[in-house]
Amino acid sequence: MKRQLWLAANSLVVFLLLLVVWQVAVKALHVPAYMLPGPRAVARAVVERFGSLEQSFLLTAEEAVVGLLASIVVGVGVSLVFAQFSLLRRVLYPYTILLQTVPIVAIAPLILMWAGPGLISVAMVAFLICLPPMIANTTQGLVSVEENLVHLFLMHKATPMQVLLQLRLPHALPNLFVGIRISAGIAVIGAITGELFAGSSRVGEGGLGYSILYASGQLETDYLFALVVAAAVLGFVFFFAGMFAEWYFLHDWFDGNLTEVP
Amino acid sequence: MAEVTQVERPVKLAANFPEIAIEGVTKRFRQGATALENVSFGVEKGEFVSLLGPSGCGKSTLLKLVAGLTSVTEGTVTVNGMTPKNARELVSFIFQDATLLPWRTVERNVGLGLELERVARPTREETVAQMLKVVGLEKVAKRYPRQLSGGMKMRVSIARALVSRPRILLLDEPFAALDEMSRDRMNEELLRLYLEQQWTVMFVTHSVAEAVFLSTRIVILAPHPGRVAHVEEVRLPWPRTEETRMTEEFEHEVGRISRLLRGVKPGEAREVA
């Protein structure tokens with residue numbers, strides 16, 4: 001614990017040092033503010049425009065949450081079907097990998113064209129990039145149950161449903177949470193990517209992605225930086241929420257590391 | 001010779017009724033390897049039979065056949081006159097590792113079978129509590145498996161097998177992962193329960209000493225393919241306690257079985273990869 005605190009303190013010192021170097025460099029080299037604002041200018045932008053920043057932050061958060069939750073529900077559902085029907089799994093699993101290899105930037109415009117701009121289509125972009133790791137990790141957990149455990153259930157005349165829900169599903173929980181942790185991190189990226197294409201009909205009401213686009217168009221570089229900081233914070237929040245959920249549900253009985261399926 | 005074959009039995013036998021009958025059993029795997037070839041023997045009610053043999057002799061396969069977890073290629077296996085699958089109610093299987101569900105506490109692991117069979121909660125909890133007392137685990141009922149030692153986990157596994165009140169117990173090298181001290185203690189406990197519950201037991205092991213200490217009879221199998229090489233009565237008086245292991249008779253019997261085991265020759269059939 002002490003060592004961790006010490007390391008955290010060191011990281012903080014490095015961060016503060018970077019800010020100082022940044023500020024001094026911007027001042028000394030007379031970099032114009034629209035090219036690179038100093039940290040003080042960025043901080044001022046955060047404070048002065050906190051209202052719209054907060055609005056964008058919350059909107060993006062909402063889109064990412066909807067996408068993430070949908071990917072958890074659909075991902076677990078698909079994985080349960082995959083676990084129960086191995087033929088189906090062998091036929092369809094490659095497509096989930098394929099889904100992962102298609103660049104999201106390439107399909108985002110399509111989704112927007114089909115679903116129209118708004119929360120739903122942005123959440124759908126987030127959903128699409130969250131889905132493959134959910135399916136890959138959960139399926140791995142469901143099918144990697146030890147044969148003897150299945151035998152044990154069969155000795156007690158367990159039905160296939162009992163094997164699935166009382167053996168395979170709890171066995172897959174650690175993997176499922178690995179999937180959630182990975183997906184939580186990229187859900188925010190998905191939402192922001194979606195917003196880059198979705199835009200918004202009214203100024204100041206877009207999410208982080210839209211506002212980034214808008215701010216860069218207006219050369220409001222200090223606000224652009226503020227938005228980037230907000231996006232980073234949002235990503236952190238999601239990642240740690242995922243970690244916390246994992247710890248909360250598993251720490252009683254699970255200790256060990258799992259191989260991740262990215 | 002006549003007086004030595006007259007072996008004392010710890011459990012009264014029911015008129016030579018073969019509780020487990022294995023007749024002309026051959027088991028070939030899909031890949032072509034023959035695990036068992038023309039294996040026949042019976043296990044009478046109340047007997048404790050150990051299966052002994054080098055790896056590849058099909059001991060575990062034989063146990064799985066009796067449990068109905070895999071099917072024969074040729075021959076028949078009957079358990080109490082029924083097919084193994086239909087007889088599952090009478091049978092409990094104890095695996096080499098404890099095979100506990102890590103997300104369930106000790107008591108919920110022990111109650112697993114009853115839960116799957118939809119036994120009502122009050123009955124279930126009462127039976128589980130009773131069984132935890134029998135194996136001396138009542139203090140750790142609320143713990144998770146990861147908090148237990150190897151020996152304790154095995155005890156939980158045994159308690160879990162016993163709650164469904166089996167008549168037949170199948171054990172597949174249950175104590176192989178334990179240190180010798182714990183193993184001896186578990187053996188003594190198993191014997192105590194056996195005498196009390198009067199099960200019919202099939203026990204797979206690599207250890208001659210363990211087989212001699214526990215069994216009424218020992219079936220020695222030869223590998224490649226698995227065949228019955230010897231069926232031996234264990235000439236060791238009952239009851240058996242930890243003192244038994246120090247006796248000359250015990251040592252002599254272990255020596256005799258070991259010699260038989262060493263004489264076993266593998267067959268021509270090598271495993272096909």
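Predicted model: local features only at pLDDT ≥ 70, side-chain atom pairs only at ≥ 80, totals over all residues.
Mentor: Start with K157(A), which lies in the loop between helix 7 (147-155) and helix 8 (160-198) of chain A. Helices (H or I, at least four residues) and strands (E, at least two) are DSSP runs, numbered from the N terminus. Residues are numbered from 1 along each chain as its sequence is written, while chains are lettered from A and ligands numbered from 1 in the order in which they are written.

Trainee: Why does K157(A) count as partly exposed?

Mentor: K157(A) has 14 C-beta neighbours inside 10 Å. A residue is buried if 20 or more other C-beta atoms, placed from the backbone, lie within 10 Å of its own, exposed if 12 or fewer, and partly exposed in between. The value 14 falls in between, so K157(A) is partly exposed.

Trainee: Why does R165(B) count as exposed?

Mentor: R165(B) has 12 C-beta neighbours inside 10 Å. The limit for exposed is 12 or fewer, so R165(B) counts as exposed. R165(B) sits in the loop between helix 6 and strand 6 (168-172) of chain B.

Trainee: What is the phi of R165(B), which is not a glycine?

Mentor: Positive, at about 50°. K157(A), also not a glycine, has a positive phi of about 55°. Most residues other than glycine have a negative phi, and most peptide bonds are trans.

Trainee: Which peptide bond involving P225(B) is cis?

Mentor: The one that joins H224(B) and P225(B), where omega is about -5°. P225(B) is in the loop between strand 8 (217-222) and strand 9 (227-233) of chain B. The bond from W238(B) to P239(B) is cis too, with omega near -5°. P239(B) belongs to the loop between strand 9 and helix 9 (248-262) of chain B.

Trainee: Why do strand 2 and strand 4 of chain B stand at the edges?

Mentor: Strands pair if DSSP finds at least two bridges between them. The open sheet has the order 2-1-4 in chain B, with antiparallel pairing. Strand 2 (34-44) and strand 4 (74-79) have a single partner strand each, so one side of each has no neighbour in the sheet.

Trainee: How many bridges join strand 1 to strand 4 of chain B?

Mentor: 5 bridges join strand 1 (residues 18-28) to strand 4, and the two run antiparallel. I22(B) stands opposite V77(B) in strand 4 of chain B.

Trainee: What makes a set of residues a nonpolar core?

Mentor: Its members are buried Ala, Val, Leu, Ile, Met, Phe, Trp, Tyr and Cys residues joined through C-beta atoms within 7 Å. The largest core has 79 residues, and A159(B) is among those that touch the most other members. Helix 6 (residues 150-162) of chain B gives the most to this core, with 6 residues. A second, separate core of 56 residues includes I72(A) and F127(A).

Trainee: Where in chain B is confidence lowest?

Mentor: In helix 1 (residues 2-5), at a mean of 38, whereas strand 7 (residues 200-205) is highest, at 94. Chain B averages a pLDDT of 85, and 92% of the residues score at least 70.

Notes
pLDDT = per-residue confidence, 0-100.
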